[in-house]
Amino acid sequence: MLIALAGNPNTGKSTIFNALTGSHQHVGNWPGVTVEKKEGFTEYKGKRIKIVDLPGTYSLTAYSLEELIARNFILEEKPDVVIDIIDSTNLERNLYLLTELMELTDRIVIALNMFDEAKKKYRIDVEKMKKILGIPVVPTVAIRNEGIDELLKEAVEGKFSIKKPSYPEDVEKRIKTLESMLKKYKVGHERWYAIKLLENDGDVMKKFQRIGAKDIIHQAEHFRHEIEDVYGDDIETVMASFRYSFSHGLFHEIAEPINVGGVTITDMVDHVVAHKIFGIPIFLVVMYLAFNFVFEVATPFQNAIDLLFNGKDLANGGEINGLIDLSYYWMTGFMPSWLSSFINYGLLRGLAAVLSFLPIIMLLFLILSFLEDSGYLARVAFLMDRIMRKIGLEGRGIISLMLGLGCNVPAIMSTRALRNERERKLSIALNPLIPCGARIQVFAFLTSLFFARNQATVLWSLLLISFATVAFLGYIYKKTIFKGEVEPFVMELPPYRLPTLKGISIHMWEKSEGFLKKAGTIIIGAAGIIWLLAALPWGVEYGSESSYIGQIAQFLSPVGHLFGLTPQAIISLFFGFFAKEVVIDSFTVLFENREALMASMTQLQAFSFLLFLLFYTPCVATLATVYRETRSKRFVVFVILEGLTLALLFSFLAYQIGTLLGVGG
Amino acid sequence: MRLSELQPGESALVVRVSGSGPIHRRLLSMGILPGTVIKVVRTSPLGDPVVYEIRGAFISLRRNEAEQVEVEKIVPLHLIPPGSMVKVIMVDGGMGFIQNLHKMGISPGRVIEIMKGCCPMVVRTPLGQFTIGRGMAYRIYVR
């Protein structure tokens with residue numbers, strides 16, 4: 001048996017999905033697109049039931065990807081039952097989608113979700129609703145698991161004798177005529193197709209043009225003009241008005257408002273949080289606190305993972321062996337030492353890097369889903385929309401860019417929230433230029449050595465250069481390679497709600513699992529390649545100047561000189577490609593002590609190096625994520641070239657101008 | 001006038017949703033249709049987008065979207081000071097509510113006089129003098 005879940009966004013659809021399927025769920029993509037598809041299984045009296053979560057939509061027109069996916073699924077996969085999840089606190093609006101669903105299928109079960117909250121707003125007559133519509137109606141409170149069992153029971157055993165919404169007689173007559181003409185084409189769902197043909201639905205019109213049904217297209221066109229003449233408005237407005245007057249009527253039949261005009265909590269919170277002047281400062285404070293939380297909590301975990309795998313040098317000259325060392329010694333017992341070294345110092349170290357990313361990624365997703373589920377992100381999108389549009393993104397784009405300061409991997413994954421494909425690509429192209437936590441860590445280390453007296457100034461200047469570049473490039477991209485039509489940005493600001501722990505943890509785990517599986521393998525592979533370059537020819541000191549990496553760096557050093565890059569700096573950049581924080585480790589291999597490192601570069605060279613580090617090729621994890629999210633190798637190449645170009649440009653300008661002016665030398 | 005010309009706190013009745021294409025359809029499916037009551041809630045820092053209350057939900061529209069919506073300014077009855085004469089434009093509710101008000105002489109097109117301000121209000125209609133509670137006054141729109 002197959003059940004599909006439909007409903008508006010913000011109705012608690014995913015909470016019901018989680019409640020129905022528990023942990024038996026799978027997240028993938030709808031074929032060919034990056035819209036998320038969730039499937040799961042449940043059991044009822046020994047019967048196995050597949051449950052598919054359709055994208056949240058307000059209607060079922062042909063003009064958004066989500067709506068097309070939802071309706072095509074019902075048309076083609078023919079689910080046995082569609083559960084329409086309705087936010088009972090926002091009844092009238094939610095009933096509109098119901099009228100569209102009722103045209104598409106007869107077997108609908110209504111879940112009146114958030115029923116407890118709705119009771120404070122209206123008196124809802126559930127029995128009357130069942131009688132009027134002829135389908136099962138189940139009040140639910142998904143966050144407390146109330147009504148879920150009954151919902152499943154009604155879906156399997158319920159009685160359906162649906163009473164479809166009807167249009168005025170003159171329209172209905174024409175729908176019937178089209179329906180009977182449709183019989184010979186054997187497409188099924190005649191009433192739905194008849195209505196859509198009348199409405200001039202782009203997708204359906206194309207379908208009938210393809211099968212050469214000229215007669216029916218002409219007839220529909222003729223009827224459409226007649227109706228437009230009679231009702232004095234365009235067909236879309238006329239048909240939407242009919243549906244809304246049905247849902248308006250139904251709403252007033254079944255619900256009686258109480259306490260009209262009272263001030264809600266959402267009103268009060270928005271009065272401050274979405275305030276014209278205070279809104280943006282409040283947002284910045286919220287993000288600052290969120291990042292503090294993420295780094296405070298993640299650091300001990302990252303240190304523990306690092307200690308476990310890599311061990312630690314003790315102050316008294318001794319050392320604690322990590323798993324990598326131990327496993328190396330153990331394996332050397334029964335295999336050649338080069339192989340053991342490759343497995344442990346190459347691949348296992350790669351795995352350790354993947355795991356050390358994990359705490360940050362999970363926590364950033366925790367914050368993201370908390371902000372999203374509480375309803376706050378919609379306010380941010382509202383506050384920032386006009387500003388972000390200048391760089392070609394909608395308001396929500398600010399979230400991905402800011403997450404980039406934590407880690408570019410979850411930041412790029414979060415661009416899925418952008419509805420527009422072009423804006424999503426633009427956002428992905430800009431994101432690696434935001435310095436992530438790892439790069440900021442390297443900046444902090446190097447500036448503390450080279451710019452001890454004005455460390456803060458140098459750090460802030462790097463951040464400002466990054467933000468200015470992102471803004472400038474966004475502006476240019478919007479006008480050139482990522483140019484496109486203005487798309488509707490009609491967005492609902494849902495009432496504030498306290499997110500559930502279960503909902504957040506499921507979301508957090510899904511995302512992190514995706515990263516581990518897909519990006520993880522690529523990172524481990526890259527770790528292997530870096531090992532080969534750093535350890536060969538066999539016998540040299542790992543990552544030293546006589547290894548392949550060192551030789552390449554020597555070879556590049558005349559070019560590097562133009563940009564103020566020393567051979568050791570170039571070596572460290574190779575390692576940084578693997579993970580940016582490794583730059584610090586590679587310096588510790590290359591130099592005896594801090595003094596030697598400080599003597600190797602002038603202040604000007606150090607600054608050019610920092611600029612290079614800021615922009616150059618993103619780390620492997622980020623590239624793997626870019627590929628996973630765009631499915632385009634060309635796009636990955638674009639991101640690499642973009643970063644390299646900027647890095648070369650900035651370090652060249654800084655070094656040459658600095659030399660000319662004779663500063664920092 | 002256009003929806004984009006209204007100030008926060010003001011209400012309006014949709015007359016027409018112009019244009020075509022994705023924006024047009026999106027406005028319709030969000031329930032912005034001729035006869036819908038819209039209230040302006042608040043503007044963002046740069047004055048665009050703006051949040052509107054539409055059919056019980058808060059919806060944010062950009063300026064170019066709100067410009068497509070032709071409206072007529074209306075005022076909910078509870079904001080009208082005593083002593084004024086106003087014309088009823090629409091009554092927002094189910095059949096029962098509309099009929100009850102009709103019996104008091106409050107229906108679209110009728111002129112009523114406010115005797116006492118909100119709330120409860122006292123109004124004089126062609127059919128006599130009536131007391132109207134807060135819950136009712138919020139759903140009667142006049143000009």
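This briefing covers the layout of chain A, its contact with chain B, the sheet the two chains share, and two local sites in chain A. The model is predicted. Chain A holds 29 helices and twelve strands, and 35 of its residues are in contact with 38 residues of chain B.

**Overall layout of chain A**

- The C-alpha atoms of chain A fill a box of roughly 90 × 55 × 55 Å along the principal axes.
- Of the 665 residues in chain A, 44% are buried.
- Among contacts in chain A with a separation of 6 or more, 69% are between residues 24 or more positions apart.
- The domain assignment divides chain A into domain 1 (2-157), domain 2 (169-257), domain 3 (284-437 + 455-484 + 502-508) and domain 4 (523-661).
- The centres of domain 2 and domain 4 of chain A, taken over C-alpha atoms, are separated by 62 Å.

**Contact between chains A and B**

- The contact involves 35 residues of chain A and 38 residues of chain B.
- On the side of chain A that touches chain B, at least two residues each come from helix 3 (91-104), helix 11 (235-254), helix 13 (279-310), helix 16 (376-389) and strand 12.
- Helix 11 of chain A gives the largest share of that side, with seven residues.
- By residue type, the side of chain A that touches chain B has 17 nonpolar, eight polar and ten charged residues.

- Strand 12 of chain A runs antiparallel to strand 4 (residues 57-61) of chain B, and three bridges join them.
- Met491(A) has Ser60(B), in strand 4 of chain B, as its bridge partner.
- Within chain B, strand 1 (residues 11-17) and strand 5 (residues 69-76) pair in the antiparallel sense over six bridges.
- Opposite Arg16(B) stands Glu70(B), in strand 5 of chain B.

- Met508(A) lies in helix 22 (residues 501-535) of chain A.
- Met508(A) counts as buried because 20 other C-beta atoms lie within 10 Å, and the cut-off for a buried residue is 20 or more.
- Leaving aside residues up to four places away in sequence, Met508(A) touches Met362(A), Phe365(A), Leu366(A) and Ser369(A).
- Leu368(A) is 140 residues from Met508(A) in sequence, and their C-alpha atoms are 8.9 Å apart in space.

**Helix 28 of chain A**

- Helix 28 (residues 620-630) of chain A is largely enclosed by the rest of the structure, because eight of its eleven residues are buried.
- The buried residues in helix 28 of chain A are Val620(A), Ala621(A), Thr622(A), Leu623(A), Ala624(A), Thr625(A), Val626(A) and Thr630(A).

Note on methods:
Residues numbered from 1 in each chain as written. Chains lettered and ligands numbered in written order. Predicted model: local features only at pLDDT ≥ 70, side-chain atom pairs only at ≥ 80, totals over all residues. Helix = DSSP H or I, 4+ residues; strand = E, 2+ residues; numbered from the N terminus. Buried ≥ 20, exposed ≤ 12 C-beta atoms within 10 Å, placed from the backbone. Contact = placed C-beta atoms within 7 Å. Pairing = 2+ DSSP bridges. Nonpolar A, V, L, I, M, F, W, Y, C, P; charged D, E, K, R; others polar. Domains from an automatic or database assignment.
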